[in-house]
Amino acid sequence: MTAVVAPSADVAEYAIRLGDDALILSQRLIEWSAHSHEIEEDVALANIALDLLGQARSLLSYGGSYSGKSEDDLAFGREERRFTNVQLVELDNGDFAVTMVRQLLFSAYQYELYRTLESSVDGQLAAIAGKAVKEVAYHVEHAGGWVLRLGDGTELSHQRAQAALESVWPFSYELFGDDELSGRIADRGVGPLPSLLRDGWLGTVQPLLAEATLTIPDDGWRPGGGRSGLHTQGFGYLLAELQHLHRSHPGATW
Amino acid sequence: MSTGVRTGLAELRTAVAEVPDPEIPVLTIADLGILRDVRWAADGRPEVVLTPTYSGCPATEAIRSDVTARAHAVRPDARVVVELAPAWTTDWITEAGRQKLAAYGIAPPSGNAAHGGSGRPGKVALTLGRPPAIGCPRCGSSDTELLSRFGSTPCKALRRCRSCAEPFDEFKPL
């Protein structure tokens with residue numbers, strides 16, 4: 001690679017956070033393969049997962065270069081508590097409505113994030129974001145189209161989309177949580193303060209949910225902890241599936 | 001010396017430019033616009049610069065290995081590097097590439113790339129299908145509809161022609 005300067009410790013940790021989000025959601029989406037209601041949707045979810053996997057590879061490779069670790073070392077060699085993805089991306093797929101609402105909330109966030117990162121002082125993060133933002137625009141469009149169709153569809157689809165929104169929405173707050181690392185990242189012009197992305201995100205999500213006749217819940221429950229390595233019960237099973245081949249055959253290549 | 005240097009790069013470019021895309025073999029990497037540069041690196045070695053289409057496109061690695069093999073055949077000291085920025089766009093597919101796509105049965109990307117022109121994603125999220133007509137590569141009719149924004153590879157969408165009723169791939173604008 002040309003002139004990719006190794007990141008600082010903070011930038012590396014930050015890149016790994018973002019890479020973990022993309023990696024884990026990619027792994028979740030792949031569970032839909034051969035289970036969707038139509039083959040076009042199977043293909044669509046696999047494509048979105050592939051985009052996310054590509055972003056994860058770039059981000060983890062870059063983040064890992066600080067400590068001499070490869071993308072594989074990070075993806076396959078870390079324990080549960082070392083993953084710093086938000087809990088939103090690890091949630092069980094639930095029904096199709098849960099998957100699509102989660103995708104809309106996450107992709108709209110990623111769109112805001114990458115748009116800002118395009119002008120990062122860190123050249124490699126800016127380059128990764130500049131590619132990814134165009135892919136994510138398609139993800140938002142896809143998920144948004146489904147949320148609209150399900151929410152403003154039949155009585156049953158509306159009911160399930162509303163239930164999905166109520167179960168997933170509380171986990172969206174963690175995307176916009178600031179902490180010491182994100183503060184230092186923002187101070188240096190590397191990345192946005194997460195809380196500052198929320199208005200732009202709401203600008204995409206709110207009108208779409210309103211048109212889908214869905215009501216945003218407001219019960220004050222705001223789970224979190226993923227950024228510091230605390231994860232939900234299902235995460236261990238996800239990691240087991242993701243890592244078991246590599247752990248069974250350490251160092252194997254093809 | 002300078003004449004020799006220039007010849008070296010031209011030969012290297014010729015050697016790698018015809019590497020086909022493994023998923024759309026009628027297109028070369030030059031047609032696709034992913035052969036970004038052939039140049040001398042600071043250490044004096046020749047360098048072939050590639051850029052990926054989509055972040056996760058599996059063809060990237062196959063292309064890289066094909067390019068490396070062909071580059072080494074003419075310049076054993078050549079290096080193949082991948083650069084992400086500026087991000088690849090379908091606007092870089094050459095006119096020859098667009099014609100090859102259409103002849104192969106894939107509708108070439110329409111107009112200017114989606115991002116940048118249309119701005120925020122929310123604006124396009126509410127409609128299925130977009131205004132510019134995508135012509136059917138089989139019968140030429142412009143009466144076609146979008147079946148899915150995602151197709152058999154990351155770069156393609158799936159459409160159907162209402163005139164001849166055939167489904168077809170569209171190289172979607174990025």
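**Core and sheet in a predicted model**

Reader: Which residues does A:Met100 touch, leaving out those up to four places away in sequence?

Author: This is a predicted model, where local features need pLDDT of at least 70, side-chain atom pairs count only at pLDDT 80 or more, and totals for chains, interfaces and linings use all residues. Residues are numbered from 1 along each chain as its sequence is written, with chains lettered from A and ligands numbered from 1 in the order in which they are written. Contact means C-beta atoms, placed from the backbone, within 7 Å. The partners of A:Met100 are A:Ala143, A:Trp146, A:Val147 and A:Leu150.

Reader: How many residues does the largest nonpolar core have?

Author: A nonpolar core joins buried Ala, Val, Leu, Ile, Met, Phe, Trp, Tyr and Cys residues through C-beta atoms within 7 Å. Buried means 20 or more other C-beta atoms within 10 Å of the residue's own, placed from the backbone. Those with the most contacts inside the core include A:Met100, A:Val147 and B:Val48. The core has 110 residues.

Reader: Which helix gives the largest share of this core?

Author: Helices are DSSP runs (H or I, at least four residues), and strands are too (E, at least two), numbered from the N terminus. The largest share is 15 residues, from residues 123-151 of chain A: helix α5.

Reader: What is the strand order in the open sheet of chain B?

Author: Strands pair if DSSP finds at least two bridges between them. The pairing here is mixed. The edge strands, β4 (106-107) and β5 (144-148), each pair on one side only. The order is β4-β7-β6-β5.

Reader: Which residue stands opposite B:Ile106?

Author: Two bridges join β4(B) to β7 of chain B, and the two run parallel. The residue opposite B:Ile106 lies in β7(B): B:Asp169.

Note on methods. A residue is buried if 20 or more other C-beta atoms lie within 10 Å of its own, exposed if 12 or fewer, and partly exposed in between; C-beta atoms are placed from the backbone. Two residues are in contact if their C-beta atoms, placed from the backbone, lie within 7 Å.
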